[in-house]
Amino acid sequence: MIELLYILACHPVKTICCSFFFPLQMNTLLAILVFFVSVFIFFNRKTRSSKRLPPGSLGLPFLGQSLEFLRAMRSNDGRKWLEQRIRKYGPVSKLNLFGKPAVFIHGQAANKLVFTSDSSGTAQTTAMRAILGDQTLFGLSGHDHKRVRNALMTFLKPESLKAYVGKMDDKVNEHLQVYWQGKREITVLPLMKTLTFNIICSLLFGIEHGIQRDQLLVGFQDMIGGMWSVPINLPFTYYNRSLKASSRVRKIVKGLIRERQTEIKQNHGSPHRDLITSMLNLRNEANDRVITDEEIVQNVMLVMTAGHDTSSVLITFLIRLLATNTAVYTAVCQEQEEIAKSKLRGESLTWEDLAKMKYTWRVALETLRMIPPAFGGFRKALRDIEFDGYIIPKGWQIFWVSSMTQMDEHIFPEPSKFDPGRFENQASIPPYSFIPFGGGPHLCAGYEFAKIETLVTIHYIVTQFTWKLTADDSFTLDPMPTPTRGLPIQIFPRNIM
């Protein structure tokens with residue numbers, strides 16, 4: 001049958017008639033073709049139905065439900081769009097997102113499957129894989145995922161990050177002095193993106209102010225614009241612009257790797273002064289290819305993307321919350337003022353100071369529960385997976401969404417109520433129901449980095465300024481939470497000493 005279809009595709013009908021079906025009339029030939037095609041479709045459908053695929057539709061080829069999903073996200077109706085699917089198809093359904101068939105699953109059991117099962121591997125959208133590469137933590141599984149994750153964790157684990165609290169303290173104060181001091185009104189989100197980018201450049205890549213960092217910023221901003229886009233590579237599309245920017249960013253990162261390799265050979269600088277140097281030294285000490293140059297390039301770009309967006313969104317929405325919730329603001333201020341008054345003037349925060357910010361971090365966790373920076377993500381079925389009575393075919397995407405459990409009233413009573421007290425005893429929270437940083441072996445490698453960055457920033461903002469919103473506090477998902485107009489606020493200096 002396949003050979004027949006191939007011949008029909010490659011040769012004119014007249015040639016086929018003369019070579020194979022010369023004695024037959026054209027009508028007879030067409031009848032035979034229709035018969036064979038019908039049989040082919042029938043058996044193909046029978047095979048697929050025997051796999052007990054979830055209900056739902058794959059929609060139009062390639063596009064599927066991508067455009068309607070993106071529209072729902074940009075109008076902040078992404079979760080509502082998925083809840084409608086649940087009412088129509090049930091807790092498990094198939095769809096087509098960003099050019100690939102997928103199965104949407106939700107709930108604690110679904111989250112556990114996503115973050116612990118060895119039958120699924122980390123996946124990326126087609127656009128993300130093309131922009132970042134296929135050797136990031138999002139593109140690797142099994143031993144390779146563990147190997148690269150361990151290399152990243154040599155720098156990102158708490159024991160390593162303790163030494164960088166003082167440097168992060170300096171960067172936050174420098175930022176506030178340049179962009180906040182003496183200003184009457186600022187726009188929070190773009191400034192938080194500037195801050196987190198500067199911290200990443202300094203601590204993770206060892207790049208300070210200069211032309212190189214400016215070039216990296218422009219390329220990076222263009223690159224992330226097409227991460228969640230339909231992968232149609234035509235001029236003037238987000239995807240096309242992101243691919244070009246990715247090439248520029250990749251070139252800069254490769255240059256940084258060559259610089260660090262030269263410094264290591266010449267014994268210049270600390271072996272763990274930044275993420276790139278740390279990974280290169282790990283490889284040298286192990287005397288084998290623990291991580292390749294290409295893996296370093298791609299995972300540096302991944303860390304840059306994840307660290308930049310997650311922290312900047314979290315800090316922005318914390319500032320938004322503190323402007324509208326007087327009780328929470330008062331409690332956060334009290335905690336931070338006590339820490340500030342225990343310090344000598346000009347003395348940096350320490351790891352021990354951050355450990356005292358328990359209430360502030362509970363406020364951050366509750367903010368993440370209600371407005372997670374990452375709406376959801378994808379895994380890839382490495383083999384046929386049975387879940388909830390259905391089969392997720394090998395090679396299909398598994399689509400999960402964090403807010404489906406985090407806003408579930410059966411798990412978090414009164415989910416729309418802001419209550420930091422939910423996190424006083426985190427052991428009481430059901431496993432795999434609170435997942436803004438993933439879970440299990442797929443817990444975000446940058447979790448502690450983001451925590452330090454958030455706490456240091458909020459400490460200095462609440463002890464040096466008060467503020468009020470100057471626009472409505474609505475937001476959209478595009479695909480990350482984005483406040484209306486970037487959250488403009490009016491700021492006022494304060495001095496608690």
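Reply: Among the contacts in the protein with a separation of 6 or more, 72% join residues 24 or more positions apart; contact here means heavy atoms within 4.5 Å. This is a predicted model, in which local features need pLDDT of at least 70 and side-chain atom pairs count only at pLDDT 80 or more, whereas totals for chains, interfaces and linings use all residues. Residues are numbered from 1 along each chain as its sequence is written, and side-chain values use heavy atoms, with hydrogens and water left out.

The protein has 497 residues, of which 50% count as buried. Buried means under 20% relative accessible area, exposed over 50%, and partly exposed in between, with a 1.4 Å probe and protein chains only.

A nonpolar core is a set of buried Ala, Val, Leu, Ile, Met, Phe, Trp, Tyr and Cys residues joined through side-chain atoms within 4.5 Å. The largest one holds 98 residues, and Trp180, Met223, Ile319 and Trp467 touch the most other members. Helix α15 gives the most to this core, with 13 residues. Trp467, neighbours within four places in sequence left aside, is in contact with Ile319, Leu322, Ala323, Tyr329, Ile461, Val462, Ile489, Gln490, Ile491 and Phe492. Another core, of 23 residues, lies apart from the largest one and includes Leu82, Phe317, Phe378 and Val401. In soluble globular proteins, nonpolar side chains tend to be buried together.

Helix α15 (residues 293-324) also packs against helix α13 (residues 238-265), at an angle of about 120° and with the axes 10 Å apart. Axes are lines fitted to C-alpha atoms, for helices over the stretch in contact, and angles run from 0 to 180 degrees between N-to-C directions. The two helices α13 and α15 are therefore oblique to each other, where angles under 35 degrees count as roughly parallel, over 145 as roughly antiparallel, 65 to 115 as roughly perpendicular and the rest as oblique. From α13, Ser246, Val249, Arg250, Val253, Lys254, Ile257 and Gln261 take part; they meet Asp293, Glu294, Ile296, Val297, Gln298, Val300, Met301 and Met304 of α15. By class, this contact of α13 with α15 comprises eight nonpolar, three polar and four charged residues. Ala, Val, Leu, Ile, Met, Phe, Trp, Tyr, Cys and Pro count as nonpolar, Asp, Glu, Lys and Arg as charged, and the others, Gly among them, as polar.

Val332, Cys333, Gln336, Glu337, Ile339 and Ala340 of α16 make the contact with Ile458, His459, Val462 and Thr463 of α20. Six nonpolar, three polar and one charged residues make up the contact of α16 with α20. Within this pair, Cys333 is buried, at a relative accessible area of 6%. The C-alpha atoms of Cys333 and Thr463 are 7.1 Å apart, although 130 residues separate the two in sequence. Beyond its neighbours within four places in sequence, Cys333 is in contact with Val462 and Arg494.

The loop between α19 (403-406) and α20 holds Phe412, a residue buried at 3% relative accessible area. Leaving aside neighbours within four places, Phe412 is in contact with Arg369, Thr405, Gln406, Arg422, Ile429, Ser433 and Phe434. Glu414 lies in the loop between α19 and α20 as well, but counts as exposed at 55% relative accessibility. Glu414 has a positive phi of about 50° although it is not a glycine.

Leu487, in the loop between β11 and β12 (488-493), likewise has a positive phi, near 65°, in a residue other than glycine. Leu487 is buried, with 1% relative accessible area. Pro479 sits in the loop between β10 (475-477) and β11 (481-483) and is partly exposed, at 24%.

Methods. Helices (H or I, at least four residues) and strands (E, at least two) are DSSP runs, numbered from the N terminus.
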